[in-house]
Amino acid sequence: MTSRYRSSEASQALNSPSPRRRTVVKAAAATAALAGPLAAALPARAATDAPAFLHGVASGDPLPDGILLWTRVTPTSAAIPGSGLGPDTEVSWTVAKDKAFTTIVSKGSLTATAASDHTVKADIRGLEPATDYWFRFSAGGTDSPVARTRTAPAANAAVAGLRFGVVTCANWEAGYFSSYRHLAARGDLDAWLHLGDYIYEYKSGEYAARGTVVRPHSPANEIITLADYRTRHGKYKTDPDLQALHHKAPVVAIWDDHEFADNAWSGGAVNHTEGAEGTWTARQAAAKQAYFEWMPVRPAIEGTTYRRLRFGKLADLSLLDLRSFRSQQASTASGTVDDPNRTITGRPQLDWLKAGLKASDTTWRLVGNSVMIAPFVIGSLTADLLKPLAKLLDLPQDGIGVNTDQWDGYTDDRRELLAHLRSNAIGNTVFLTGDIHMSWANDVPVDAGTYPLSASAATEFVITSVTSDNLDDIVKVPEGTVSAIAAPLIQIANRHVHWVDTDRHGYGVLDITADRAQMDYYVLSDRTNANATSSWARSYRTRTGTQKVERTYDPV
């Protein structure tokens, strides 16, 4: 791939609808015998005990001089994800400047053990900035697939452009991951961002495609234990389209709620029953352990995904963790949305974010943000649309215009952050958001009630789901039917919303230059078709210095 960066350094090798409000006690199957469900998490393989790389390879969190490499080795046929079985296995890694591995720049080895579910990570340093590399793993004479990765530009490099794929909300049972396949086929991505809900926790059949399971996941029970979470991650990593994207570019990932349980907060979740499903503390710890084992994520602080990456002088990327530290979603018992004692970020993370945005010397300040920060009110939707929209957005279905699971439910944190941006004249802040299974292009107003007379402090691009049900799926009408009615009404009540598509599935491509940040929105022909096609839907951009979104009529 032709380099899109400009810099160089010396190198040195080193080592739902309905389930969204559910609180019923789950079946005892959650702790049933693992043999059958675990076996279903693996693709077919030859009858041999030679090591195999059945879950592909991946890279993530690019630095100017390094990259994090990941794989999972299956040392014997019995050592399937979550089983706790299998011998310690030496896994070597090799990094080269070419796909044929004629110019090797780094190599080493690690030991995969049952204690880490036979996953390994190699944090490679001493590489050159803004450079394509190829890597592979080997064990017992077997080589993994070869994958491409790319380092970030040098911190002070003048960067002409950056291009990121952007995805969120990939529910296995609701369809195929064609979005990943289409992003992998582009060949022009510097990295891709996963904004949360990389996996879903539900039992089989509970949250599918308009109620229909397109393909069963594993284990069949709701995931609660460490073995459960490992098995579900393992199942996802067998998807060929997901593997293909991991083989083409590094990922930068954060989690949202479904990596744990629906509507998770620091002390529990809507989809968790204390006692019947064990303690939330144990479940959360299991989910986090499996996530860090199975994802090429390099945490800056143990146990959280909030961290910051830099891409030369063009952009930095602040990545948030909006589940580990938040207060319980607002209700009569837990307080109001305006309560200053409630938080979505936690004080240390909010202070870190504010300090980083203020200190930033890059042209663009990107924020990886798992739930929408722009305010949203229902407006005058008709009753037949209000109920499903409220259900999707976790709104009280009596029409109260606030989404308590998003920043709307934590208005004091949002007020403080936006006031910080305004008072310190921090421009070019762009929130990149997932979670709500719709596409949005928003200004982020300081005062939504008086906008556009009040100022916009930032902009926001919200990406729709890869497969998870959106509004037309809940209503069970043809795609586009609901959006044609609901979108204009939403925009009338929310004047900072430039565009909303409530119905389609897909992905985004974010392209950044010194002059503008542009999001191209792509949609799939049919999430239930493994060969779904992709088409460009719309594009929006924010020009430098404006803090406002505008439509543009061509993708990059």
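Trainee: Which residues is Phe-177 in contact with, leaving aside its neighbours within four places in sequence?

Mentor: Contact means heavy atoms within 4.5 Å. Here Phe-177 is in contact with residues including Trp-172, Arg-215, Tyr-236, Leu-242 and Val-466. This is a predicted model: local features need pLDDT of at least 70, side-chain atom pairs count only at pLDDT 80 or more, and totals for chains, interfaces and linings use all residues. Residues are numbered from 1 along each chain as its sequence is written, and side-chain values use heavy atoms, without hydrogens and water.

Trainee: How many residues are in the largest nonpolar core?

Mentor: First, the general idea. In soluble globular proteins, nonpolar side chains tend to be buried together. A nonpolar core is a set of buried Ala, Val, Leu, Ile, Met, Phe, Trp, Tyr and Cys residues joined through side-chain atoms within 4.5 Å. Buried means under 20% relative accessible area, exposed over 50%, partly exposed in between (1.4 Å probe, protein chains only). The largest core has 40 residues, and Phe-177, Tyr-180 and Trp-192 touch the most other members.

Trainee: Where are the charged pairs, and is Arg-310 buried or partly exposed?

Mentor: Look for salt bridges: a side-chain nitrogen of Lys or Arg within 4 Å of a carboxyl oxygen of Asp or Glu. The structure holds 33. In one of them, Arg-310 meets Asp-361 at 2.7 Å, N to O. Arg-310 is partly exposed, at 24% relative accessibility. Asp-408 and Arg-414 form another, at 2.8 Å. Asp-408 is buried at 6%, and Arg-414 is buried at 11%.
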